[in-house]
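Reader: I would like to learn how to read strand pairing, helix packing and salt bridges from a set of coordinates. Could we go through them one at a time?

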Amino acid sequence: MPTLADIYSALNTFKRKSSDFVQNPGTSLEQMLFAANENAREFNKKHALATDYTIAQARGQQPTPEQTQAEMGLRNTLSEAYSPGMTVWHGSPHVFERFDLRKIGTGEGAQSYGSGMYVAQNPKVAEDYAKNIMGPKATPANVALKTFNATGSEDMVATRLKQIFPQINDAEIKSSIDTAKNYKGNVYKVDVPDTHIRRMLDWDAPLKDQPTPVRKLAKALGLDMNDLGGDLLAKVGKDEAGRKTLQDAGIRGIKYLDQTSRNAGGWHITPPDQTVSGKWMVKSADYNSKGLQFDTQEEAKKALKEQTSKATRNFVVFDPSHMTILERNQQAINK
């Protein structure tokens, strides 16, 4: 007879994957069963400690920190069953209704953080990408777009086009400038299930703090567990072969801090004996950032958590079936 955990896990996964199951029943069923097992184990562990929390309260006793944490974690786990997943954003020069692995590299084409489909937690990242990229090729229109967005000068665009395309004529220059000035691109609103986000390789985190599939692969490849996720990606490669190695290990994709968060990253606590003010300080790695000062370590830890939680990431998703397009340019996609 299935346990409550099994039912919870199956319903949670089924709710998010039902539409994909019709399109790819073999892969989707495997993912559903794996997610159910993972969630069931976590649920049962939290449920046991949370039960002890309830019993302790009923007896007028003080629950242990572990029991209290488990009780709160259980509430979060249950609430996730009704979460639609993470909403992310994708900017593209192309118009489409679903992601396709065969189209990898037809946007900017860089694939700097691995082979896959790129989406952003911050919508502005996708918006900036959409309006600046017409495709990976250095066509006159694409060069004109990038130059005009960077300088706002038609004369600079004309100069740049003549440098790159010596044979270009005035009519082609004017056409390229007009195209650049009117170009908007496409911004997609996308849903990615939490279960897949949690099983991604974190580029910026130590391997010892990564999901189980990441740690297992890192150990198998002989990496030090204090190395970062980016070191593992360098080991397996950023190409298609590297993506397949990660995917076969049960890793769903790659996540990394976007440029804004990376520039303002490195938040840390400095103790009173190392500050001029003699107070606890929370500061980012940015030299120009102003440190936040606190009287107690507890206040500093709370502030540190708040600052790091503001960081946003980009994601490289390996499997297009893990992504559901909700909108294109704020217009709902008809399923």
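Author: Let us begin with the term pairing: two strands pair if DSSP finds at least two bridges between them. Please keep in mind that this is a predicted model. With that criterion, strand 7 (residues 280-283) pairs with strand 8 through three bridges, and the two run antiparallel. As one example of residues that face each other, Val282 stands opposite Leu292 in strand 8.

Reader: Which strands make up the open sheet, and in what order?

Author: In general, the strands of a sheet pair through backbone hydrogen bonds, in either a parallel or an antiparallel sense. Here the open sheet has three strands in the order 6-7-8, and the pairing is antiparallel. Strand 6 (268-270) and strand 8 (292-294) are at the edges with a single partner strand each, so one side of each has no neighbour in the sheet. From one strand to the next, the twist averages 25 degrees.

Reader: How many bridges join strand 3 and strand 10, and what is the bridge partner of Arg328 in strand 11?

Author: Strand 3 (residues 186-192) and strand 10 (residues 324-328) are joined in the antiparallel sense by four bridges, and Asp191 has Thr324 in strand 10 as its bridge partner. Strand 10 also pairs with strand 11 (residues 331-332), again in the antiparallel sense, over two bridges, with Gln331 in strand 11 as the partner of Arg328. Two residues lie between the strands of this hairpin, where Asn329 takes a positive phi near 50 degrees.

Reader: At what angle do helix 6 and helix 7 pack, and which residues meet?

Author: Angles of 65 to 115 degrees count as roughly perpendicular and those over 145 as roughly antiparallel, so a value between these classes is called oblique. Helix 6 (residues 154-164) and helix 7 (residues 170-182) pack at about 125 degrees, with their axes 10 Å apart, and they are therefore oblique to each other. The crossing of helix 6 past helix 7 is right-handed. On the helix 6 side, Glu154, Val157, Ala158, Leu161 and Lys162 meet Ile173, Ser176, Ile177 and Lys181 of helix 7. Sorted by class, this contact has five nonpolar, one polar and three charged residues.

Reader: How many salt bridges does the structure hold, and how far apart are the closest N and O atoms of Lys131 and Asp128?

Author: There are eight salt bridges in the structure. In the one between Lys131 and Asp128, the closest N and O atoms are 3.9 Å apart, while the cut-off is 4 Å. Both residues belong to helix 4 (residues 123-132), where Lys131 and Asp128 are three residues apart, about one turn of the helix.

Conventions:
Residues numbered from 1 in each chain as written. Predicted model: local features only at pLDDT ≥ 70, side-chain atom pairs only at ≥ 80, totals over all residues. Heavy atoms only, no water. Axes fitted to C-alpha atoms, helices over the stretch in contact; angles between N-to-C directions. Parallel < 35°, antiparallel > 145°, perpendicular 65-115°, else oblique. Left-handed = near helix turned anticlockwise from the far one by under 90°. Contact = heavy atoms within 4.5 Å. Nonpolar A, V, L, I, M, F, W, Y, C, P; charged D, E, K, R; others polar. Salt bridge = Lys/Arg side-chain N within 4 Å of Asp/Glu carboxyl O.
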